[in-house]
Amino acid sequence: MTIERTCVVCAAVIGTGLLLAGSARAADPKPAPDVTLQDGKGAIVRLADYKGKVVLIDFWASWCIPCKTSFPALDALYREYQPRGLEVLAVNLDERRRDADTFLAARPHTMPVLFDPKGVSPAAFAVRGMPSSFLIDRAGNVRFTHMGYSDNIAEQYRREIAQLVAER
């Protein structure tokens with residue numbers, strides 16, 4: 001099943017009043033894949049360049065209904081925790097850049113937005129639904145994962161981020 005189809009399934013579930021949103025603590029933290037992405041100007045960004053920092057990498061797309069809520073919430077977390085060592089990388093998966101640009105124009109943000117129109121990075125992370133995010137510790141290990149988004153997940157993010165930024 002493609003990521004786009006998975007998001008359609010999520011949207012159908014949302015329409016019934018349910019929301020697929022889950023979180024998992026990595027039982028055995030594994031190194032995050034060293035994915036290579038592009039920023040808005042085409043410069044190459046490697047996830048490995050962030051080793052030593054706490055990173056929340058979030059996969060989103062303009063066609064994903066829950067992403068319309070999660071994107072500004074993650075940007076708020078970035079503004080709150082960036083001074084304490086958190087980096088948020090919002091990875092857009094739209095095949096057409098203009099779709100992402102339209103989405104971004106309607107949502108002012110400060111967190112970095114990166115682009116992967118070919119979907120290589122979500123495959124490396126084994127993303128199964130949209131939005132999906134991964135919290136990576138300073139050693140470069142995936143410690144928490146989230147699939148989907150709901151309003152109550154923001155507090156869970158705060159607890160997990162606080163734990164990881166406190167670790168030295």
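Colleague: Which residue lies over the face of Phe115?

Modeller: Arg97 does, at 3.9 Å from the ring centre. A charge counts as over a ring if NZ of Lys or CZ of Arg is within 6 Å of the ring centre and within 35 degrees of the ring normal. Likewise, Arg107 lies over the face of Phe103, at 4.0 Å from the ring centre.

Colleague: What should I know about the model itself?

Modeller: It is a predicted model, in which local features need pLDDT of at least 70 and side-chain atom pairs count only at pLDDT 80 or more, while totals for chains, interfaces and linings use all residues. Residues are numbered from 1 along each chain as its sequence is written, and side-chain values use heavy atoms, with hydrogens and water left out.

Colleague: How many aromatic pairs does the structure hold?

Modeller: There are six aromatic pairs. Rings of Phe, Tyr and Trp (its six-membered ring) pair if their centres lie within 6.5 Å; planes under 30 degrees apart count as stacked, over 60 as edge-to-face and the rest as tilted. One of the pairs is Phe59 with Phe125, which is tilted, at 5.4 Å centre to centre and 55 degrees between the planes.

Colleague: Where do Phe59 and Phe125 lie?

Modeller: Phe59 is in strand S4 (residues 54–60) and Phe125 is in the loop between helix H4 (120–124) and strand S7 (132–136), so the pair ties together parts that are 66 residues apart in sequence. Helices (H or I, at least four residues) and strands (E, at least two) are DSSP runs, numbered from the N terminus.

Colleague: Is Phe59 buried or exposed?

Modeller: Phe59 is buried, at a relative accessible area of 0%. Buried means under 20% relative accessible area, exposed over 50%, and partly exposed in between (1.4 Å probe, protein chains only). Phe125 is also buried, at 7%.

Colleague: What about Phe71 and Phe103?

Modeller: They form an edge-to-face pair, 5.4 Å centre to centre with 90 degrees between the planes. Phe71 belongs to helix H2 (residues 67–81) and Phe103 to helix H3 (residues 97–105), so this pair ties together parts that are 32 residues apart in sequence.

Colleague: Changing topic, which residues of H5 are buried?

Modeller: They are Ile153, Ala154, Tyr157, Glu160, Ile161, Leu164 and Val165. These residues cover an arc of only 125 degrees around the axis, which puts them on the same side of H5; the arc is that of the directions from the helix axis to the C-beta atoms.

Colleague: Which exposed residues are on the face turned away from that buried side?

Modeller: That face of H5 carries Arg159 and Ala166.
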